[in-house]
Amino acid sequence: MKKIKYLPLRELPVQPVLLTCFYLFIQLFITLPSKADTWRYAIEESSTGIQGVYASRFKQIIEKNSDHKVLIYPFGTLGESTDLLEQAQAGLLQFVDQSPGFMGSLIPEAQVFLLPYVLPEKHSEIAYFFKHSKTIHQTFHKLCGEQDLELLTMFPEGNVAITTREVFRSKEDLSSMKIRVMSSPLLIETYKAFGAVPTPLPTGEIFGALQTNMIQGQENPWFYLESTKLYEVSNVITEIGHNIYTTAVMASKKFYENSTLEVKFLISSAIKEATDFIIEYQRELEISAKLKIQKVAPNIQYITLTDAEREPFRQSAKKVQAKFIDMTGSSGKEVLRQLQEDLNDAKNH
Ligand code: 6CS
């Protein structure tokens, strides 16, 4: 039998081997043919809301760089916000945008983003935080993974303002008001601590409940007050500076893990580009939405609480942090510690 002669290692033709490896690597990322799929992406807002603009930008980038198609399902087409997350967990949706305000019962630690007077007000700090935060990109990513969700990004949607029938400047003024909140238990605790009567209601019921005086107020970011015309059923819009609205984009973990490296790279590049874009866009939209409302509704009273008026609300925020720890235990305590470290980094960067 003919003996195979092996080349000693040092005599192997190094250049061709390296070239082949390099070629295979490039193939993996760029040229491997992959089937053109259609991906479903559900959002909690209309297609012109911030989540809709984000999803459209993501779709545009994906469709420019591949043969895959993205179908966007705006609010109402697939059920209420909480239904969407279940559909993504089951792999019926490839992508979903869901806000921490609706995630409290599934991932209690997600409510850290709802804590009043914790997230920064300054745009440069907000931008840095969303891009670099370990709380988002490591801790929350891991917590989502445990629920069959692949966290892709989080972004802000602007300052949260409170719309009411009557003027309030103190916690006592709020005591007679039912204020609608998203379903998160922490938001309920927040408005209790603020002296009001918190009333969780699904998104689709906010307008009607305000119109019929079933509730006397609600909170949402400025662009949302404008795009959903909530200002039409409000007499007063007040800023107490307690929070910015945050939201999370996730993929079905099953879908993501079964994707090729090429697809994962395609998705993460589109997510990064769309996130950089939306962080600046949402800021501009907040300014224009405020101006639009003030122009079409000059009779509304626009109030910004002074620092002294905010102080009792800030004090109540401490109680809400204690409630957060009660709800989440040592895991939540660690999430809050990490968040505070991230916020310090954002301040000092
Ligand atoms: O308050 C809500 O229910 C909604 N607010 C915003 C800004 N986005 C989605 C959510 O459904």
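Okay, let's start inside helix 12, where Phe313, Ser316, Val320, Phe324, Thr328, Val335, Leu339, Asp342 and Ala346 are buried. Buried here means 20 or more other C-beta atoms within 10 Å of the residue's own, exposed means 12 or fewer, partly exposed is in between, and C-beta atoms are placed from the backbone. An α-helix has 3.6 residues a turn, so residues three or four places apart point the same way.

Before I go on, this is a predicted model: local features need pLDDT of at least 70, side-chain atom pairs count only at pLDDT 80 or more, and totals for chains, interfaces and linings use all residues. Numbering runs from 1 along each chain as its sequence is written.

So what covers those buried residues of helix 12? The cover includes helix 4 (123–132), helix 5 (134–145), helix 6 (171–174) and helix 7 (185–193). Helices (H or I, at least four residues) and strands (E, at least two) are DSSP runs, numbered from the N terminus.

Now look at the ends of helix 12. It covers residues 307–348, 42 residues, yet its end C-alpha atoms are only 23 Å apart, short of the 62 Å a straight helix would reach. That expected span is 1.5 Å times one less than the number of residues. There is also a kink of about 130° in helix 12, centred on Gly329; the bend is the angle between axes fitted to the seven residues ending there and the seven starting there.

Stepping back, the protein has 12 helices and 10 strands. Its C-alpha trace spans about 95 × 40 × 35 Å along the principal axes, and buried residues make up 40% of its 349 residues.

On to the core. The largest nonpolar core has 85 residues, and Tyr54, Phe58, Val96 and Met250 have the most contacts inside it. Strand 4 (residues 149–164) gives the most to this core, with eight residues. A nonpolar core is a set of buried Ala, Val, Leu, Ile, Met, Phe, Trp, Tyr and Cys residues joined through C-beta atoms within 7 Å. Leaving out residues up to four places away in sequence, Tyr54 touches Phe155, Ala274 and Ile278, where contact means C-beta atoms, placed from the backbone, within 7 Å.

Last stop: Ala297, in the loop between helix 11 (261–296) and strand 10 (301–304). Why does Ala297 count as partly exposed? Because it has 17 C-beta neighbours inside 10 Å. Ala297 and Tyr231 are 66 residues apart in sequence, but 7.6 Å apart in space, C-alpha to C-alpha.

Notes. Two residues are in contact if their C-beta atoms, placed from the backbone, lie within 7 Å.
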